[in-house]
Amino acid sequence: MDAALQTMINNMPEKTGKSLDEWKTILKAKAFTKHSEGLNFLKKEHGVTHGYANTIILLSKEETPSEDDLVSNQYKGKESLRPIYKALITTIKPFGNDITITPKKTSVSVIRKRQFVLIKPATKTRIDLGLKLPGVPTTERLGNSGPFGTMCTHRVQLTSENDIDAELIGWMKEAYNHAN
């Protein structure tokens with residue numbers, strides 16, 4: 001942690017009358033939706049200076065969930081799809097040591113220099129696998145990007161680990177090669 005920030009946190013009880021944890025509890029009870037609402041509340045209702053109010057709000061935001069938490073939350077109620085997700089990741093990782101796997105709230109991006117695969121549990125029984133394959137025509141299995149829009153050029157719907165076959169692996173490798 002930055003030394004100046006740690007000093008502000010250490011001085012907070014003296015300068016604001018409450019510790020950071022006490023401020024977090026107060027702000028959590030208020031549940032402001034906008035940064036400015038919390039800022040105004042702390043400044044007007046509690047006389048906190050702008051610098052401390054801003055710091056309190058920024059540090060009061062929920063900690064970023066871990067990658068494991070993000071993935072686990074995606075598969076709540078869709079647990080039967082988790083083995084497909086794991087098999088996809090296991091298949092993709094050996095493509096190269098320049099791959100970054102980035103879980104988000106509703107999907108997982110697989111990135112080289114650019115995203116080349118997007119994994120999204122779409123329903124309780126299906127994962128939508130987005131691929132970035134510019135110039136490749138669609139087929140019955142390799143459909144258009146659908147709900148992915150411009151994030152991907154194509155989408156493959158997966159309902160079992162058996163769907164991860166040589167054809168799909170070939171498309172994923174091709175997407176990986178395009179993402180350099």
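**View 1. The lining of the largest pocket.** The largest pocket has 13 lining residues, and L27, F32, I57, S60 and K61 are the ones nearest its centre. The volume is about 240 Å³, taken as the space filled by probe spheres set on the points, which are joined across faces, edges and corners. Helix 2 (20-30), helix 3 (35-46) and helix 4 (50-60) each give two or more residues to this lining, with helix 2 giving the most, 3 residues. Helices are DSSP runs of H or I with at least four residues, strands are runs of E with at least two, and both are numbered from the N terminus.

This is a predicted model, in which local features need pLDDT of at least 70 and side-chain atom pairs count only at pLDDT 80 or more, while totals for chains, interfaces and linings use all residues. Residues are numbered from 1 along each chain as its sequence is written, and side-chain values use heavy atoms, leaving out hydrogens and water.

**View 2. The largest nonpolar core.** Among the 31 residues of this core, L88, F116, I119 and L131 touch the most other members. A nonpolar core joins buried Ala, Val, Leu, Ile, Met, Phe, Trp, Tyr and Cys residues through side-chain atoms within 4.5 Å. The elements giving two or more residues include strand 3 (115-121), strand 6 (154-158) and helix 7 (166-178), and helix 6 supplies the largest share, 6 residues. Look around F116 and you will find, among its contacts beyond four places in sequence, I92, V110, L131 and Y176; contact means heavy atoms within 4.5 Å.

**View 3. D128 in strand 4.** D128 sits in strand 4 (residues 127-131) and is buried, at 2% relative accessible area. Buried means under 20%, exposed over 50%, and partly exposed in between (1.4 Å probe, protein chains only). Its side chain makes a polar contact with that of R155 at 3.1 Å; such a contact pairs N or O atoms within 3.5 Å, one able to donate a hydrogen and the other to accept it, and sequence-adjacent residues count only if both atoms are side-chain atoms.

**View 4. T100 in strand 1.** T100 belongs to strand 1 (residues 100-103) and is partly exposed, at 41% relative accessibility. Beyond four places in sequence, T100 contacts S109, V110 and I111.

Notes. On a 1 Å grid over the protein atoms alone, a cavity is a set of points where a 1.4 Å probe fits but cannot get out, and a pocket is an open set with protein on both sides within 12 Å along at least five of seven lines; lining residues have an atom within 4 Å of a point.
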